[in-house]
Amino acid sequence: MIRRVLPHGMGRGLLTRRPGTRRGGFSLDWDGKVSEIKKKIKSILPGRSCDLLQDTSHLPPEHSDVVIVGGGVLGLSVAYWLKKLESRRGAIRVLVVERDHTYSQASTGLSVGGICQQFSLPENIQLSLFSASFLRNINEYLAVVDAPPLDLRFNPSGYLLLASEKDAAAMESNVKVQRQEGAKVSLMSPDQLRNKFPWINTEGVALASYGMEDEGWFDPWCLLQGLRRKVQSLGVLFCQGEVTRFVSSSQRMLTTDDKAVVLKRIHEVHVKMDRSLEYQPVECAIVINAAGAWSAQIAALAGIGEGPPGTLQGTKLPVEPRKRYVYVWHCPQGPGLETPLVADTSGAYFRREGLGSNYLGGRSPTEQEEPDPANLEVDHDFFQDKVWPHLALRVPAFETLKVQSAWAGYYDYNTFDQNGVVGPHPLVVNMYFATGFSGHGLQQAPGVGRAVAEMVLKGRFQTIDLSPFLFTRFYLGEKIQENNII
Amino acid sequence: MWDLVLEDRRINSLRLVAPMWNGRIRGIHRLGGAVAPEGNQKKKRTILQFLTNYFYDVEALRDYLLQREMYKVHEKNRSYTWLEKQHGPYGAGAFFILKQGGAVKFRDKEWIRPDKYGHFSQEFWNFCEVPVEAVDASDCDINYEGLDNLLRLKELQSLSLQRCSHVDDWCLSRLYPLADSLQELSLAGCPRVSERGLACLHHLQNLRRLDISDLPAVSNPGLTQILVEEMLPNCEVVGVDWAEGLKSGPEEQPQDTASPVPA
């Protein structure tokens with residue numbers, strides 16, 4: 001009987017009032033309130049971030065051991081190696097601050113993606129060799145459980161550098177250094193060149209150096225995404241924001257020769273959120289400047305370069321953005337599948353792209369022709385006047401070509417000697433640089449990341465000695481000129 | 001249970017190839033027709049994934065097992081420098097291939113193959129001054145480092161790398177030292193070889209026969225065949241014939257590499 005009464009009783013009266021309907025007319029969003037309460041209770045449970053009062057999930061954490069300014073391939077490489085080389089799991093807390101998560105202007109995504117060992121400096125060669133072995137074993141280094149393996153789309157076709165009469169001797173000595181370091185490079189005379197690559201016009205070429213192994217080009221976007229995925233799985237925190245201020249403290253100290261020097265230490269990094277005035281002060285121990293083309297601004301925020309010119313305090317970071325164009329064209333009778341990345345005596349370069357007869361290439365402008373780096377607009381006249389004539393001279397088949405598209409990207413150009421800046425600043429003691437590679441940052445990123453991580457964790461370079469790349473060379477005037485910059 | 005997980009991952013990484021190709025995967029993966037194991041597999045995979053996402057220990061264990069698998073392949077591909085000093089390059093190279101499960105043919109001698117237990121006759125140590133003429137390394141775990149041993153065989157005429165799951169584009173770029181002697185090369189069924197690796201075969205100017213059938217990573221096989229034929233004008237490029245459909249692994253024994261192609 002009771003059983004019959006209860007459902008009967010449910011049918012009418014007070015008990016029938018369903019949630020959301022109340023006497024009096026106004027409706028309370030009962031379901032919404034219940035879900036909000038559920039969310040708050042869930043956020044108290046262990047393993048979730050506690051957002052009881054204010055949602056701060058978009059802000060970076062308040063404390064971090066290392067803050068890496070710039071989330072391109074160099075910044076992520078430093079983050080990866082910091083996590084790989086730390087002495088205990090979870091010992092170092094790393095935060096990567098990237099202004100633009102779409103990487104629309106970052107040099108990494110816009111890069112041609114070449115890797116070669118044909119440099120004149122032994123350190124550059126060693127860095128490229130290590131990076132080649134890193135890319136070859138990328139699915140061991142960047143393996144993440146349950147994630148598909150990375151396909152870098154590496155083309156092992158090599159680089160072919162051409163030298164005129166006056167550069168031939170320099171090329172020979174460079175190749176000797178490269179072979180000593182372990183790169184597999186072969187020298188070719190114009191006859192051998194014509195034999196191997198019949199589409200090439202050897203007029204004006206005295207010598208050519210051809211990389212046989214570990215050289216070619218790959219997809220930089222894939223490397224970036226792979227690094228990002230691995231680094232996130234290792235526990236590195238990411239934040240989308242812009243660094244606007246460094247809060248530092250100074251200390252006056254005496255050197256061994258009793259000269260007074262002011263040493264600065266950065267304590268806080270102010271990270272401003274995108275499209276808002278909100279900022280978060282992040283207390284940090286070490287700051288790594290991997291901001292690429294904008295590294296000089298970050299350095300200026302830290303007070304590097306504020307002083308009388310000619311002194312160590314007054315030495316600015318000589319890295320500035322330089323715009324470079326890359327053009328994609330179609331040429332039906334062009335060079336075949338075996339085409340390496342050819343770098344002409346005039347500085348023009350091109351390589352094949354894909355199976356259809358598409359090629360891409362460009363040329364570095366001279367100092368006088370430098371385009372304005374304020375935007376990434378492409379100048380098509382530059383191709384007509386400055387690139388095409390050289391290409392057509394070198395490869396007669398390129399006289400009939402049709403430009404399909406073009407893009408522009410920045411080089412983080414080191415105006416001092418076009419080589420990277422790696423290591424700590426002598427005065428701002430906890431800022432480390434990993435920038436200024438002037439167009440070969442992508443191919444040296446794994447090696448440089450490891451070197452900076454060793455510097456941060458162990459205090460010195462262990463595997464590859466990059467002491468010639470320290471900041472102090474700008475003050476001392478010691479240029480380490482790299483001759484083979486494309 | 002961990003074996004299933006790892007073989008899962010191997011399937012994921014070789015996902016472009018039908019499971020039948022990789023003969024090492026045993027057990028339920030070979031039963032292509034059965035329905036129940038598939039569903040079981042999927043459930044096991046998601047439970048494992050759930051555990052991995054929530055517990056650091058499970059993730060670390062799986063990571064360790066993955067690294068151990070990779071380490072095993074590296075162990076197999078060590079460079080036999082001591083053997084080379086003792087018995088010369090041909091002996092060391094032959095030993096490496098036979099250890100991996102491949103077959104070797106010295107000049108004017110018969111093929112030496114390991115039996116199904118992996119044992120092979122040791123008499124080739126007596127004639128290791130004789131150059132090795134042909135190598136059949138099908139279904140072996142040779143990778144980039146292992147090619148060190150292979151590249152010592154300077155008079156190699158025929159090389160078969162069919163269905164080698166660790167041979168990729170980087171390995172192909174390393175074959176140029178064999179350019180003077182290599183006349184026959186077979187890359188059929190290698191899941192990691194793409195048209196980008198085939199582009200660096202142009203160093204092998206003495207190549208007369210190249211087999212590039214069933215390369216799942218090549219994006220456009222017909223076009224690739226045409227471009228490779230243009231690149232190697234003296235070579236017969238075999239392989240792209242989609243009318244046959246999927247070939248099954250065990251039937252495709254490399255009988256054609258029994259004798260070297262006359263120059």
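Helix H4 of chain A passes helix H6 of chain A in a right-handed crossing, the term denoting a near helix turned clockwise from the far one by less than a right angle, with anticlockwise counted as left-handed. The structure is a predicted model, in which local features need pLDDT of at least 70, side-chain atom pairs count only at pLDDT 80 or more, and totals for chains, interfaces and linings use all residues. Residues are numbered from 1 along each chain as its sequence is written, chains are lettered from A and ligands numbered from 1 in the order in which they are written, and side-chain values use heavy atoms, with hydrogens and water left out.

The axes of H4(A) (residues 122-136) and H6(A) come within 10 Å and cross at roughly 50°. Axes are lines fitted to C-alpha atoms, for helices over the stretch in contact, and angles run from 0 to 180 degrees between N-to-C directions. The two helices H4(A) and H6(A) are therefore oblique to each other, a class left over from roughly parallel (under 35 degrees), roughly antiparallel (over 145) and roughly perpendicular (65 to 115). On H4(A), A:Pro122, A:Ile125, A:Gln126 and A:Leu129 meet A:Val177, A:Gln178 and A:Glu181 of H6(A), contact being heavy atoms within 4.5 Å. By class, four nonpolar, two polar and one charged residues make up this contact of H4(A) with H6(A).

Helices (H or I, at least four residues) and strands (E, at least two) are DSSP runs, numbered from the N terminus. Eight strands of chain A form an open sheet of mixed pairing, in the order S5-S6-S4-S12-S13-S14-S11-S15; two strands pair if DSSP finds at least two bridges between them. Strands S5 (185-188) and S15 (402-414) of chain A stand at the edges, each with a single partner strand, so one side of each has no neighbour in the sheet. From one strand to the next, the twist averages 20°. Strands S12 (residues 341-343) and S13 (residues 348-353) of chain A run antiparallel and are joined by two bridges; A:Val342 has A:Phe350 in S13(A) as its bridge partner.

Helix H6 (residues 165-181) of chain A lies across S4, S5 and S6 of chain A, at about 155° to S5(A). Helix H10 (residues 380-394) of chain A lies across S4, S11, S13, S14 and S15 of chain A, at about 60° to S11(A).

A:Arg275, in the loop between strands S9 and S10 of chain A, has a positive phi near 55°. A:Arg275 is exposed, with a relative accessible area of 77%, whereas A:Gln418 is buried at 13% (buried, under 20%; exposed, over 50%; partly exposed in between; 1.4 Å probe, protein chains only).

Methods: Nonpolar A, V, L, I, M, F, W, Y, C, P; charged D, E, K, R; others polar.
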